[in-house]
Amino acid sequence: MAAMAGRAAALRGSGGRFRWRTRVAAGGVRGAAQDAAGRQDYDLLVIGGGSGGLACAKEAAQLGKKVAVVDYVEPSPRGTRWGLGGTCVNVGCIPKKLMHQAALLGDMIRDAPHYGWDVPRQVPHDWRKMAEAVQNHVKSLNWGHRVQLQDRKVKYFNIKASFVNEHTVCGVTKGGKETLLSAEHIVIATGGRPRYPTNIEGALEHGITSDDIFWLKESPGKTLVVGASYVALECAGFLTGLRLDTTVMIRSIPLRGFDQQMSSLVTEHMASHGTHFLRGCTPSRVKKLPDGQLQVTWKDLASGREDMGTFDTVLWAIGRLPETRSLNLEKAGVNTNPNSHKILVDAQEATSVPHIYAIGDAAEGRPELTPTAIMAGRLLAQRLCGQTSDLMDYDNVPTTVFTPLEYGCVGLSEEEAVARHGEEHVEVYHAYYKPLEFTVAERDSSQCYIKMVCLREPPQLVLGLHFLGPNAGEVTQGFALGIKCGASYRQVVQTVGIHPTCAEEVAKLRIAKRSGLDPTVTGC
């Protein structure tokens, strides 16, 4: 435990507490809500009402600080708009997981006759009904966030903010009314938005992004998804699962930044279950035909040959851009990466201006994940209030890609482990397994695979875990705690499994890749 604590201290650094300075408004009234110039003063002003910003604001308010949140959603190019809560609630994790679940239910309906249920194998799906239910749930979450801010006495402004100076922002309402707000500490948590290609004719006019797909009233029909990110594969996965003709166009490799063996298995499974892939291709033009369909022209990069096809919907999933360029950061002296436009921060989430911070997707070098933004926001608020010196630890953050066969991971990929420690110092234990649920229904389990990446030298510290199969998020979340605490391979395999589960296969890993033995699990 002492060694683990020492490692944690080394990772976190010295930390540090912050002291609040009290702003004195005109006339010397401490904590005045508004001075003669109409400017409002706060201990903490959070720009951005997404997961990280709201977590930071609510935590600081609960610790007794005077807090305001400003949030404004620019409609997408297609005109889609939504409420408080940011990407995750409105156009990300929540609606994505619900539509993923809708697709999984379709698979279960096909399994049902094998288990004695007398149901037709082909059951029609009603997109409109699903979308309405998902959107209603999202709206309930929007309302819940408003209520939580009110309960914690956090002032909420639905205005678009930009900096006037290092302590003041100007907010503009939809109607053009301006409001000046000032604070001792400012947190930027504006997140990001999907990127449209700028060099493809018709891309903006005729395409949509993940900002739109979850708010469509009608089925997108035959869809071309352009991109190979987890957003692209997740959307393509649930669209295929809802029995829509879906094609994914990939320029280079899928799931860049993830373990590439696992990425290949993910796309293999998708291809074998109906998703079409156009590999090594880039689109060059999108044209709307008289019948309303979209004609897409693309080039095969290997042969140079052009081809085309028609689709009802083109979904761009080619990356995201941080929402920083309209903030007038230069007026506050906040530095950004000129290439990514993300805000440069240190280990304490501080920018180049000591009392201005950035968390979440708008910050350089941070994982674009809701839970990390939430934890970073809470810890920042606690440090600002003198409650802790703990820093956010961005190592060993677990995540899951919600493709039809889910992929959960934590820690290093095999490629990263080899690059960092050398191939001779890395041991990979792996297994192909068959979920019990797949047996009676005679489902294909060819891509159900687990690998644990370890240091080769005893006690074989676990560097990474990769799990491809049902409920991958639930499985990975549990093992993430052990890996975060410095678990070794020996400790994992000495853990008694819960039988019969997919998760127990992790504790049963015995075959090393370098042995060349068949890693297929046999028996129960």
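Which residues in H4 meet which residues in H8? In this predicted model, Lys96, Met99, His100 and Ala103 in H4 meet Glu234, Phe238 and Gly241 in H8.

**Where H4 meets H8**

- Helix H4 covers residues 93–111 and helix H8 covers residues 230–241.
- The two helices pack with their axes 8 Å apart, at an angle of about 35°.
- If you look at how H4 and H8 cross, the crossing is left-handed.
- Sorted by class, the contact of H4 with H8 has three nonpolar, two polar and two charged residues.

**Where H8 meets H9**

- H8 also has a contact with helix H9, in which Leu233, Ala236 and Gly237 of H8 meet Val266, Thr267 and Met270 of H9.
- Four of the residues in this contact of H8 with H9 are nonpolar and two are polar, with no charged ones.
- H9 is made of residues 260–272, and its axis and that of H8 come within 11 Å and cross at roughly 25°.
- Because angles under 35 degrees count as roughly parallel, H8 is roughly parallel to H9.
- The crossing of H8 and H9 is left-handed.

**Where H2 meets H11**

- Now turn to helix H2, residues 51–62, and helix H11, residues 370–384, whose axes lie 7 Å apart at an angle of about 25°.
- H2 and H11 are therefore roughly parallel to each other.
- H2 makes a right-handed crossing as it passes H11.
- On the H2 side of the contact you will find Ser51, Gly52, Ala55, Cys56, Glu59 and Ala60.
- On the H11 side, the residues they meet are Thr370, Ala373, Ile374, Gly377, Arg378, Leu380, Ala381 and Gln382.
- The class count for the contact of H2 with H11 is seven nonpolar, five polar and two charged residues.

**The cavity**

- Rolling a probe the size of a water molecule over the atoms shows where empty space is left.
- How many cavities of 30 Å³ or more are there? The count comes to one.
- The largest cavity has a volume of about 40 Å³.
- Its lining is formed by His100, Ala103, Leu104, Asp107, Gly237, Phe238, Thr403 and Pro404.
- H4 and H8 are the elements that give two or more residues to this lining, and H4 gives the most, with four residues.
- By class, the lining of the largest cavity has four nonpolar, three polar and one charged residues.

- Which element gives the most to the lining of the second largest pocket? H4 does, with seven residues.
- The lining of this pocket divides into ten nonpolar, ten polar and twelve charged residues.

How values were computed. Residues are numbered from 1 along each chain as its sequence is written. This is a predicted model: local features need pLDDT of at least 70, side-chain atom pairs count only at pLDDT 80 or more; totals for chains, interfaces and linings use all residues. Side-chain values use heavy atoms; hydrogens and water are left out. On a 1 Å grid over the protein atoms alone, a cavity is a set of points where a 1.4 Å probe fits but cannot get out, and a pocket is an open set with protein on both sides within 12 Å along at least five of seven lines; lining residues have an atom within 4 Å of a point. Grid points are joined across faces, edges and corners, and a volume is the space filled by probe spheres set on the points. Ala, Val, Leu, Ile, Met, Phe, Trp, Tyr, Cys and Pro count as nonpolar, Asp, Glu, Lys and Arg as charged, and the others, Gly among them, as polar. Axes are lines fitted to C-alpha atoms, for helices over the stretch in contact, and angles run from 0 to 180 degrees between N-to-C directions. Angles under 35 degrees count as roughly parallel, over 145 as roughly antiparallel, 65 to 115 as roughly perpendicular and the rest as oblique. A crossing is left-handed if the near helix is turned anticlockwise from the far one by less than a right angle, and right-handed if clockwise. Contact means heavy atoms within 4.5 Å.
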